[in-house]
Amino acid sequence: MRAVPLLLFSLSVQLAFSQWDLRFDPAVPVTRQGATLDLAWAGGLNSAQISEIDLNSDGLRDLVFFDHAYSFPSGHKITTLLRTSAAEGTGAYVPTRVYDNVPPLNLLHDWALFRDYNCDGKVDIFSYTQAGFGVWKNVTDEDGLAFEQVSPLVYSGYVSPSGAVTFANLFISQVDMPGIDDIDGDGDLDIITFSLLGTFVEYHKNLSMETYGTCDSLKFEVRNKCWGFFAENFNNNSVTLNSPCSFNVPSPEFRPQTEADPEDDEDDRAHAGSTLTTLDMDGDGDKEVLVGDISFNNLVGLYNGGSVNYAFMMQEDTLFPSYDESVNITVFPAAFHLDVDHDGRRDLLVTPNASSLSHDHRSVLHYRNMGTDASPVFDFMQDNLFQERMLELGLGAIPVAFDENGDGLMDLIVSNHGYYQSGGNYVGKMALLRNVGSASSPAFEMVTDDWMGLSTSGIGLSMHPAFTDLDGDGDKDMYIGDLQGRLHYYRNNATGPQASFQLQQANITDAGGTQIDVGQFAAPYFHNLDGDDLQDLLIGERNGNVNYYRNTGTASTPQWTLVNENLGGVSTVEWINVTGHAVPAIFVNDQGEREMVLGSESGGIYRYTGIEGNIDGTWTRQDTAWRGIDDGARSAFCLHDFTGDGQLDLVIGNYRGGLSFWRSDELTTVANETRPEPMFRMAPNPARDLVELTIDKPAVGGAWVLRDVTGKEVLRESARAQRTVISLAGLVEGVYLVQFDGATPRPAQRLVIIR
């Protein structure tokens, strides 16, 4: 299965429909309280399962966050961070969208863990399929990252009391997270997972080494139905140690020294969801386990008092790690054991495994390993690793362009569904991202996360703003749609360029005096649809359709007359859902004709044509994944020429509370029709004093060249091996193009220098 790079996919769409090209640009500067958010446009994180993999074959382990913050298939989305340096620390990562459409990364759902099962040094993928899991082998070569499925559903041999073996799917619940590790130390990957009836953990031994003498197969058999001989209690997430197991397989591996109680049975117990993370916590070579439970906020640590060949949990830490700050996640914690700071010692990251009722903007707990890799000591560092460097707005992000301070530069007003509050409540807010750049080089400052104090306005969750001049005084007023499907009018009473809004009318009514109510999740958008020079009102809603209210009033006193509850017959409802969360926008294409694009519940951007001369008819759906861009569930976006090239740029938000920036202008001084994946990396970007440049192959006789936006060369320095550090001293703040000049030139990339 060969991956198609995202940039090439975008180009093919461009050639088919338009000369308008959009490319992800993570380097548009964003600051908050004076600090640069170098991961600003990464897209947010809510309920992420975290794995390591070398995505670009540079020898450095990158990070994949598989986020399942919304129902499948809408909200299951990967976020990829490329490691840019071998130096220690968590700062050397940059977001990339190159791998978004590499199968199966764009198809994963429910749970996904990345492990090297065949010992070839390339990390493979284990992911839920149906009452079990499939495996995809990493077949990356010189053409780039790629996977092929080796098993759509992995089987295991289940041993009966008589010793007969029956093969069936290795059951793992979609809400569980299994332990995938070399449990018995023989070199191949085994599986531990809670059984179908729960309470006890099954040990599925991989017989690859025993059967073939290699680790490259997936040949499992249940060798213990009560691995570790502990039982999770029915009423809470504590465990009973040294629990008997009368229903075990004959002659189980890792058998306890005590005799089983024949009266004990697991059938009277239940299991609703758990996470299992195996690791050696005491340096004796056998595996301990961390257990998270769907109804609780803590991790339970179980210490193995046996050996590699005799797993027997003898000690319980109900507030792991009790020697430091205990894990405290609102519900259903999951732990991930990986070296996130590249110091050779695997750390512990803990996230919520639930898709709701979690601290959505503070949901990546980092426990740094202060001991050794073999005998870790975890020290709590922070609860928002990577998130504090992102635009992370909690649950949901709805960006709308509006020049809030009247300086001629378009700012961003970004609303959300809400921020999680203690007790399971949410509070909806709007953030102000002020554009402090220039007409051709946008840069944003996050001024506040509660613009106008709207969190206390009473409007509630999922506020959706729209701006136009409703009273004919020359400045833009605001409508806010709400979760209940209603609209609220805020008049702009500014006497100068700075906007100043005051509530004019709650619950807007139509021309007949009836309160406008489109059901739920009103997404208003102003557009002169009928060509009469009056702004009409289009309202998307939860059901996936768009309501058309024609302005039958005047330029200073609008009156809204409902014309059509299903404008153009557009719909963003997927076959698997009954809702669509339509968020409409209209632009003019290269042929001078209008097209409608819509954000959706599924995350894809829908596109409709056939509007001209057909306002009352049915429009033509051209695609449901415009440009191949999919930021995940509840996509919402704004279109505006932030880069001043005459083409619209795109800022898109998602239900994870993040944003991404897609620019339309060329990043190279010479047009490049094939747009290959960049073959060198820069970090940090934005940069201040130094920038490290890393090339894909040794640079022999080449040089790094920096040019300003006019194409003038401002710096040239000889390349040194594969990594070169360049001083930026003497260069003024602004945007530069960086290019490798050698026997095999590389396409230029954009570098932002800040002072």
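Q: Into which accessibility class does arginine 716 fall at 43% relative accessibility?
A: The model is predicted: local features need pLDDT of at least 70, side-chain atom pairs count only at pLDDT 80 or more, and totals for chains, interfaces and linings use all residues. Residues are numbered from 1 along each chain as its sequence is written, and side-chain values use heavy atoms, with hydrogens and water left out. A residue is buried under 20% relative accessible area, exposed over 50% and partly exposed in between (1.4 Å probe, protein chains only). Because its relative accessibility is 43%, arginine 716 counts as partly exposed.

Q: Which residue forms a salt bridge with arginine 716?
A: A salt bridge requires a side-chain nitrogen of Lys or Arg within 4 Å of a carboxyl oxygen of Asp or Glu. With the closest N and O atoms 3.1 Å apart, the partner of arginine 716 is glutamate 713.

Q: How many residues apart in sequence are the parts tied together by arginine 97 and aspartate 631?
A: The two residues form a salt bridge whose closest N and O atoms are 2.7 Å apart. Arginine 97 lies in the loop between strand S7 (93-96) and S8, and aspartate 631 in the loop between strand S45 (620-623) and strand S46 (636-640), so the pair ties together parts whose separation in sequence is 534 residues. Strands here are DSSP runs of E with at least two residues, numbered from the N terminus. Both partners are buried, and the separation asked for is 534 residues.

Q: How many residues apart are aspartate 38 and arginine 389?
A: Their side chains meet in a salt bridge with an N to O distance of 2.9 Å. This pair links distant parts of the chain, with aspartate 38 in the loop between strand S3 (35-36) and S4 and arginine 389 in the loop between strand S27 (378-382) and strand S28 (398-402). Both residues are buried. Their separation is 351 residues.

Q: How many salt bridges does the structure hold?
A: Among them are the pair of arginine 97 with aspartate 631 and the pair of aspartate 38 with arginine 389. The total in the structure is 26.

Q: What is the omega of the cis peptide bond from phenylalanine 320 to proline 321?
A: Most peptide bonds are trans. The bond from proline 103 to proline 104 is cis, with omega near 0°, and proline 104 lies in the loop between S7 and S8. Proline 321 is placed in the loop between strand S23 (313-317) and S24. For the cis bond from phenylalanine 320 to proline 321, omega is near -15°.

Q: Where does methionine 452 lie?
A: Most residues other than glycine have a negative phi. Methionine 452 is not a glycine, yet it has a positive phi of about 60°; its relative accessible area is 33%, so it is partly exposed. Methionine 452 is found in the loop between strand S33 (444-448) and strand S34 (464-468).

Q: What is the phi of histidine 342?
A: Histidine 342 belongs to the loop between S24 and strand S25 (347-352). Because its relative accessible area is 27%, histidine 342 is partly exposed. Although histidine 342 is not a glycine, its phi is positive, at about 60°.

Conventions. Helix = DSSP H or I, 4+ residues; strand = E, 2+ residues; numbered from the N terminus.
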